[in-house]
Amino acid sequence: MTNFEQLISDQFCAFDANYLSQQATFEAQLAPLQNKLIAIQKTGNSMAASDQQMIECKWLLSYTADWKMLAGKLAAFEKSLDNPDQDWASQQVAIDGSWGPCYDQWFLKVDAMIDAVNTLADQEQAPQYPFLFLAPIATPQKMVAWLESQKTSHIFADGLDRRDALGAVTATLSQMCFKSEIRDYFQTHVKGFDLSDDYVAAYKKWLDDWQDGQSGYWGGWFATASDGVLKSPDLSLTFHNISYQHGKVDLWVEIFATTLAIRDQAYPFGWKHNDDFNNHNNYDVTKIFDLGWSQVDDASQKAASDDIGLILDWCLTKSMTPDGGFIDDPTFYNSVGAAYYYGVSFLDQAGYFATTKPFWTDKSFADGPALCCKIQKKIKSEGLDDAEAKAALEKLVDACGNCT
């Protein structure tokens, strides 16, 4: 199996001989700024502008070798931390209907938009402005052309890993096309973008063609100088394509086999981050197994069940504090609320809060409801008010009621 983490690093080094030292230098500059942002966010201020600056800095650091652009973005991030009044940065932009005014990268604005649309759809509230910023993917032809332009990275030639942009836009398109409530919202309330049946069909065809026949997975493709184009098995991209299609995909036997095989590999080509498990990935893996459970044999189910038990034990003993908190990992999550959201999502997906037996085991968890309440109280006591913390709280209330 190709080590894609090493392949990507080698390709960046081929593009820039000083890549590793430059990356380490900028990583050291970013870390204290992110820690300062996290400390402010823990007071209840989401710091929307600074958060956007930070997210783009992390993208530049991980997916490019554009040190000049990263230096400029770091300076803007540092300056933004001095201004606590940042609610304006969470609002829709009048000029083009986008969200994320502090993002320079278009795909990050797309990602911010779908989060906002999910909230607006829940509130049954129409957006203020037409979605003119979606012009690059506004027709089926433009959409397919854009996706094709991002599917294959040529890092050794241009110093750009296109995987994150591809993942953000396909995750957004999958929600628009396959989540009925979001599709209905676009067709009813959104101006400046025509989500027609032809558009959905064109996207579905492109998505099906993208799935790898051997691994069953979706992922970025990487051009190499000697081995042609290599197709990566990407956990996150695969999860989104399966989840938003409600499990209605092909090659489930291959999907299970690949998911089990990459357990000890590094994200996004495996389950682990910094050589350990991670609740975001734990959630993705568990939902993949759940959606395909009836499509595989007993041996595959047994192997998956054993691994879910392993990551559940890790979640309860390594990722949580005794008072119901989740330990943040700034090298992976973009906010404190995200650590809670994915920890709660994993426990909920694994059936830990339920009184009935989960899909993957014959036992239920008697202490699940008590832990559910403990986590609720911890989120409230910390005053977390970002969207992900609120979503975590909603999941907990749905699971065990409103604990006081």
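Predicted model: local features only at pLDDT ≥ 70, side-chain atom pairs only at ≥ 80, totals over all residues.
The largest nonpolar core holds 120 residues, and Met 113, Leu 134, Phe 186, Leu 347 and Ile 375 have the most contacts inside it. Helix α5 (residues 106–123) supplies the largest share of this core, with 11 residues. Beyond its neighbours within four places in sequence, Met 113 is in contact with Trp 99, Phe 131, Phe 133, Leu 134, Thr 172, Met 176 and Phe 186. Helix α5 also contains Asp 122, which counts as exposed because its relative accessibility is 67%, over the 50% cut-off.

Asn 281, in helix α13 (residues 279–292), counts as buried, at 0% relative accessibility. When residues up to four places away in sequence are set aside, Asn 281 touches Leu 235, Tyr 267, Gly 270, Trp 271, Lys 272 and Phe 332.

Turning to charged pairs, the model has 15 salt bridges. One of them joins the side chains of Lys 73 and Asp 104 (3.0 Å, N to O). This pair links distant parts of the chain, 31 residues apart: Lys 73 belongs to helix α4 (residues 67–80), and Asp 104 to the loop between α4 and α5. Lys 73 is buried, with a relative accessible area of 6%, whereas Asp 104 is exposed, at 55%.

A salt bridge also connects Lys 204 and Asp 208 (3.1 Å, N to O). These residues are separated by about one helical turn, because they lie four residues apart in helix α10 (residues 197–210). Finally, salt bridges with shared partners join Arg 263, Asp 264, Lys 272 and Asp 307 into one network.

How values were computed: Residues numbered from 1 in each chain as written. Heavy atoms only, no water. Helix = DSSP H or I, 4+ residues; strand = E, 2+ residues; numbered from the N terminus. Buried < 20%, exposed > 50% of the residue type's maximum accessible area, 1.4 Å probe, protein only. Contact = heavy atoms within 4.5 Å. Core = buried A, V, L, I, M, F, W, Y, C linked by side-chain atoms within 4.5 Å. Salt bridge = Lys/Arg side-chain N within 4 Å of Asp/Glu carboxyl O.
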